[in-house]
Structures are given as C-alpha cells and as structure tokens.
Amino acid sequence: MSQTHNETVLSGPEIQQKIDEMAAAVYTLAGEPKELVLVGIQRRGVPLAERLSNVLKEKGVAVELGALDITLYRDDLETVGPRPVIGETRIPGELAGKYVVIVDDVLYTGRTIRAALDELTDFGRPDKIALCVLVDRGGRELPIQADVTGATVSVDVNSRVDVFLDEIDGKDAVELSRGWRE
Amino acid sequence: MSAVSLGKDLIGLEHLTPEQIQLVLDTAEPFKEVSERQIKKVPTLRGKTIVNLFYEASTRTRISFEFAEKRLSADTVNIAASGSSIVKGENLVDTARNLEAMRIDMVVIRHPSSGAPGFLADRIPSNVVNGGDGKHEHPTQALLDILTIRDNLKTISGLKVCICGDVLHSRVARSNIWGLLALGAEVGVCGPKSLMPYGLEELGVRFFPRPEEAIEWADVLNILRLQLERMNAGFIPSLREYNRVFGITNARLERAPKDILVLHPGPMNRGVEIDSDVADGPHSVILDQVTNGIAVRMAVLYLLAGGKPDLAEGAKG
C-alpha cells in the first residue's frame, strides 16, 4: 500500500469544534427529546458518541450511551476471510419509545449503517432513529444519508479517509490519502 | 482484522496454536451478550445449513450446538444414528456424501470411534466440527471449560488445573490437557491408577494419587464423570468405594489452602465423583460452563464459516 498524497481534512481542534456543532445539531434535531440514546458504532463511533454525550450533558441534556458492533450483521462476511474481531455491543435498556442517534466516524457505502439499522431494530422499536457522522465521504451504495454531518469530502474510490481519535489512536485528526491503491 | 484463523475444521485442540485457542475464547466473549438479548438471534449464518450428526447419545452437547446454530440463524438438521439409514449399514463417508449432495455447509459430528471427525474432514468440503470422538477429543467442551476458568480467574497462564477421575476414557480430559498446556497452565490429574492412560508424564502432566494432594495443589478442579457405561471391565471395585476415596466432597474442599474453582462437564453422578454440596456450592461454576458452551460454539461456527482456505489466502493481500 503506497500513500502518495496525504492531506489533513480536520485537525485536532477542528474535530472538537465539529463535535460541538454536531452536538448542537443533534439537540435541535431531537427537538424536545423524550429520551435520547447515542449509539456509537465500533470502533471509532464509540468514543465519538461519548464526546457528543459529554457536550450534551454539559448543556443539561440527559443522554444515554450505547455501543454497537455490526460484524454479525454484515452482508460481506462471505468475502472477508479470517473473521474480524468482534467488539462489544452494549444497549442501555429498552429502545422502545426512545430517540436513537447512530454515531459513526465515516459514512461511505452506507452498508455499515444498513447493518446497524437491522441490528438496532432487533433490540426494540425506537420512536425514531437518526444518523450522525463526523465525515461524509460520498460513494453511497445504498439509499442512506446522514442527518447530522461534521464535514463532507468528495473523493473517489481510490482515496481513503482515516479518522484518528485520541481514545484509540493517541491523536485527533482526519486525514485523506489520495491514490492509496496501487 | 486478525491474521489468525481456525482453518476449515475443528477436530481437536492438540494441533491448535495458543493464538488460535485465544482467538476462539476472545470471539466467544461478544457472543455471550447475544444470548442475553431479547431477540437471541443474529443473522450471521443465514442461509447456511448445518447437520448435527450424532452417532452417540448426547443431550447437552447436541442442544448446545443446536442453540448456537439457531442463534446464528443457520438452518439445522439433526441426525441420530438410531432411526437413520446408519442402522441399515451405510458407512460414514457415504452418509456424509449424501448429505453433501443435499448442499449442506457444515457437519457437527459425534462418533464413538476416535478419529472419525478427522477422517470425515479430509473427505468432504464442508466444515467439520468434532462434537466428541471416542477417547480422542471433545474440543468445544475444553474450550468452554477454559473460557469459564478464564472468566473467573482472569487468566490461564500459570494456573494449576487438576482433572479428576476417569482420565483414561475421557476425551474431555485430553482436549483440556492440550488446550491448557498450550495456554501455559500447569495440569495435573487425579484418580485411580487403573483409570489413568500411559504417557501423561511425557506431556508434562502431574499425577496425584489422592484427591487431598490434588486439592492442596490446584487452583481449579475439573471433575470428570465416571463413565458408568464404560465401567464393566473392573476398573474400580465399587461406586461407593470410589466415592469414599476419590469423590470430591465439601469435607475435602474445606482443607484447600486457597479458593478453589470446581468444574464438571456433566452429566454428573451426584454422590459418586462429586457430592451434591459441592456441585451446588459456592465453588461450583458448573452452570456457567453450560451458558458458556453456547457462546463458545457460536464462536467456533462463526470462525469456521469464514475459514475457507481460499478466502483466508485472499484476505492476506
């Protein structure tokens, strides 16, 4: 794998600023939320959901946190070979009647979100499910769109968007590598 | 994505690497949560057909596999030797080939002959899981035993585990010994000399002639069932005497210098190899083993379903 061009899409402070804006947008979107549940998708959606909930809690909004690993709901297990390690799934209590926001780092084909929707509905019937992502890079293969987006980049299939988060990677950054495929 | 894979079949723990055993244990962890959900089902093996081919009686193992398969959304068929064409004299490979002709994906097999699952695995393209073969191995039982120990004591490496009872006839013992040694545990066995196989010392397994010594030494006791159906050859004088000398009783456990964990693969002969006070007492994790059994089997099925060699090769690139 050769990385020919590396650009920074978002720096650390910019990420934090985006998260503040996303939290505000989630709050507006939810209106008068009965019960708000932020569900982060493993792995980097989980710390993102945590940060969003921290911002919301500072503003006095009650939020519950969850984590979702969609591996068992993927539609490409036949072709991925040795099995990806499965992360923790943790849903706080009943989802019925709640307002669930799925949180992920990058929105690309939409297949992860399709799997997440299937998995969430197996847990119960939320009143509403919304999608909040840090970066939308286009390239959808399914009719799925985000309700709240931190940043949008338009790149082709030969580019890669990497999100680094302090909790997992020891730094905050969103980087774009063009032409990473040989 | 992990580079370790289980390959096509799970025949035994003897030839697995510590990394492969670890992979199954780690993969079992998230599957525990699936069984706690309101809808205890994930679509992972949707469209896969699994045949449970049981040439020997089994309740726990067969039901546990069946739950695991159903919770992964696979379609399952159970075949018991009695009441099938096996009693008409069809041989193992013909039975399996006929099943293959019906487009199955996996076979879970229990067989009275040691080596039958391995024999089958070499001859059919479907994944084969050993559900216990003769006196050879019972890998998923050992994996669930090891997972239960790890859950309770947080580690396997450095632990002292003593397998008590009829080691000679026990496939559970063999799989446990190989699995535990691979993960760095010390393993002992305890029971009448007439129920011990040859060559255990060469594996680095210690022999304790008396349960008192085993209890003094061990962190964990895995108490095997005295296989009554195999006892007609005069291995022990009587069940009562066996219980008096080798039975794990509260009176014996009370003299343990430290907390001791008690496992039993089931079905138990209460009052023979284990007393009811122990089986239902605070040391016992016997029902945790049963719960973990489903998670371990889900992990194994999940890992094997993706373990077609060509895919594994492709994913390395």
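**Exercise 1. What span should the 12 residues of helix α6 (residues 171–182) of chain B have at 1.5 Å a residue, and how far apart are its end C-alpha atoms?**

The model is predicted: local features need pLDDT of at least 70 and side-chain atom pairs count only at pLDDT 80 or more, while totals for chains, interfaces and linings use all residues. Residues are numbered from 1 along each chain as its sequence is written, with chains lettered from A and ligands numbered from 1 in the order in which they are written.

Step 1. Helices (H or I, at least four residues) and strands (E, at least two) are DSSP runs, numbered from the N terminus.

Step 2. The expected span is 1.5 Å times one less than the number of residues. For α6(B) this should be 16 Å, and the end C-alpha atoms are 17 Å apart, which agrees.

Step 3. Look past the end of the helix: B:G184 follows α6(B) and has a positive phi, near 90°.

**Exercise 2. How many of the 12 residues of α6(B) are buried?**

Step 1. A residue is buried if 20 or more other C-beta atoms lie within 10 Å of its own, exposed if 12 or fewer, and partly exposed in between; C-beta atoms are placed from the backbone.

Step 2. By this count 11 of the 12 residues are buried, and the helix is mostly covered. Among them are B:W178, B:G179 and B:L180.

Step 3. The cover includes α1 (18–34), α5 (139–153) and β8 (220–223) of chain B.

**Exercise 3. In what order do the five strands of the open sheet in chain A stand?**

Step 1. Two strands pair if DSSP finds at least two bridges between them.

Step 2. The order is β3-β2-β4-β5-β6, with parallel pairing. The edge strands, β3 (63–68) and β6 (148–152) of chain A, each pair on one side only.

Step 3. Take one pair: β2 (residues 36–41) and β4 (residues 99–107) of chain A are joined by five bridges in the parallel sense. A:L36 stands opposite A:Y99.

Step 4. Helix α2 (residues 45–58) of chain A lies across β2, β3, β4 and β5 (128–136) of chain A and runs at about 155° to β2(A). Axes are lines fitted to C-alpha atoms, for helices over the stretch in contact, and angles run from 0 to 180 degrees between N-to-C directions.

Step 5. Check the loop between β2 and α2 of chain A, where A:R43 is placed. The peptide bond joining A:Q42 and A:R43 is cis, with omega about -5°.

**Exercise 4. Is B:R103 buried or exposed?**

Step 1. B:R103 lies in the loop between α3 (92–101) and β3 (106–111) of chain B.

Step 2. Its C-beta count within 10 Å is 8 others, so B:R103 is exposed.

Step 3. Phi of B:R103 is positive, near 65°, in a residue other than glycine.

Terms used: Two residues are in contact if their C-beta atoms, placed from the backbone, lie within 7 Å.
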